[in-house]
Amino acid sequence: MSQDIKQIIQQEYIKCAKDPIYFAKKYVYITHPKRGRIQFALYPFQEDVLKLFMKEDYHLILKSRQLGISTLVALYSLWIMIFNKDKNILVLCTKTDTAKNMVTKVKFMHDNLPSWLRTGKPDENNKLTFKLKNGSQIKAVSAASDSGRSEAVSLLIMDEAAFIPSAEEIWGSAQQTLATGGGCIALSTPNGTGNWFHKQWSKAELSENKFLPIKLPWKVHPERDEEWRAEQNNLLGPKMAAQECDCDFATSGDGVFDNQILEYYEQTYVKEPIEKRGMDGNLWIWEQPDYSKNYMIHADVARGDGQDYSAFHIMDIEEAKQVAEFHGKISTKDFGNILVSMATEYNDALLVIENANIGWAVIQVAIDREYRNLYYSPKSDMNIVDAYSNKNMNNMNNMTPGFTTSMKTRPMIIQKLEAYSRERSIIIQSKRTIDEMRTFIWRNNKAEAQSGYNDDLVMSLGIGLYVRDTALRLQQSGIDLTKASLNNISKNNYSGLYSNNGNAKNQWDWNVGSGNNSDNEGLTWLL
C-alpha cells in the first residue's frame, strides 16, 4: 500500500471518528425491506438527531412508526464501538427477539464496512452479543427489573420504552452504572399516560430531569403526506394510528376523557389562581365568594395510607363553575376544619363529604362544629329519587351524613363528569384537575387513575356534578312543584273551600301521548 493511500485512509478514519454523519453517509450500509442492501442516506431529521446525540448524554425520543430511528441508534452504537475502546452498550426491550434486532443491525453495518474500518474478527458474535477486538460490545437482553445492575454501562438503549412494564425498576437499577459517565437513549411510540416513559417525558419538558426530549411525529419524514396519514387510519384504525403516527400520549392510551376536550379546557378556561392559601399553597382560589350566589363544596378524603391526597372543589352551582380547589396531604381533623371554614365563607355552601372509610372522621368534625348545611345521602336500601322527593326529603331516618360512593354510584359519578366535560357544560379552571383527567383511564373495564397517579380531584369533581344533577335538582323540583300547586289553588264558590284545579305538573313527568292517547312517562331514570 502506497504512502498516499495510507495517508488518505488515515484522513478518512479521522473524519469518520469525528463525525458520525460523515461516517454513515459514506461508508455505512443498511438493509431496506424493499430495496435490499443500500447506503445509509440520512434524512435531514436523522442528521439533526445524530447531532443531538453528540451534544447530550440522555435522550428521550417520542417517535412515529417507520422513521428509521432504531436503525439510527444502531448506527450511533456502532460508531461508538469502533472509535472507542471498552464501551459497553446494553439494549433493553420487552422481548429478547425485539432487542436482538438492534444487535443484528449493528453486525450488518459492521460487516459491510471497508476492511480498514472494521476492527478484525469479533471476539464474540452471536444473536445477543457482538464484541469487537477493542473491547467494545453491544448486548441485547429482555427487560427485567435487575437489567443493567451488574455491569458498568456506557450507553443504555431502551427500545419501545413506553411498553416496558418494569421500566421504573430498570431505571432505578441502572442509575449507579450510568453515574460514572454513561448515557441513555429511550425511544418509543406513545402508550398512553402514566408509564415511566410518559413520566420522564413530562419532566423533561419542564427541565426537571437530565433527559433531552426529542419529538418526531410522522410529518418529519420528507416522503410522507396527508394521504399517507389517512391510509394509516384505514390500516390501523384511528386509535392505533394516533399512537403509531402522531406522538400523542393521550389519544394513544385508554383515557376516559377525550384529549381534544381536555386541550379545549386548557386553552379556554385553565389559568393561574388569584390566590393560593395554606403553608404549601395547596388551596387555589379563582373567585372570591359572591353573596348573591349559591355554592357547593364536594370533597374526597384520602384513604389514610399516605399515598392519596385529600381534595375538594368549590362550585358555583348555577353555572357549574369551579371557583376554588384544594389538593394536599392533611390530617382528617384539619381537613374537616378547612371544609367547614370554606363552606361558611362561601355563603354557607352545601358541604358534600365522601363518607367511605376515613371520611367519617372528617364528617364528624363538621357535625361537632354544628355545620347545618351538611349533605345527607339516602341509605343503601333507598333510591336517591325517593330520598329527595317531597315526601322523604325531611325524613332523616332514611338519610346518612355524607355522600356514599358505592359500586352503583361510582360509574354514575364518572359518567356524569365525562358527560359534563364532553358537552362543555362545566367550567374547569385548574391545571391540576385537567392533569388528573389525562391520567384517568379504563383498566379491565374499570375507570381509575393510571398506576403512579391519583384521582382525588377527578372523583371529588364527579361527586359534585352527580349531586348537582340528582339531589339538588330533585329538591328544586319539589320546591317548584309546591309553588305551582299554590299558584293553581282556586276558590270554590259553592262550598267556600280551596282545591287544586289539577294543572300543576310534575317536572319529572313527560307527556308521551297525544289527544285521547295522552300518557305520562317518568324521567327520573335519566339521573
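An α-helix has 3.6 residues a turn, so residues three or four places apart point the same way. The model is predicted: local features need pLDDT of at least 70 and side-chain atom pairs count only at pLDDT 80 or more, while totals for chains, interfaces and linings use all residues. Residues are numbered from 1 along each chain as its sequence is written, and side-chain values use heavy atoms, with hydrogens and water left out.

Helix α6 spans residues 167-178, twelve in number. From first C-alpha to last, α6 reaches 15 Å, close to the expected 16 Å, which is 1.5 Å times one less than the number of residues. Helices (DSSP H or I, at least four residues) and strands (DSSP E, at least two) are numbered from the N terminus; the protein chain has 18 helices and 24 strands.

Of the 527 residues in the protein chain, 47% are buried. Among its contacts (heavy atoms within 4.5 Å) between residues at least 6 apart in sequence, 66% join residues at least 24 apart.

The count of disulfides (pairs of cysteine sulfur atoms within 2.5 Å) is zero. Cys247 is in no disulfide, and the nearest cysteine sulfur, that of Cys245, is 8.8 Å away. Cys247 is buried, with a relative accessible area of 3%.

Note on methods
Buried means under 20% relative accessible area, exposed over 50%, partly exposed in between (1.4 Å probe, protein chains only).
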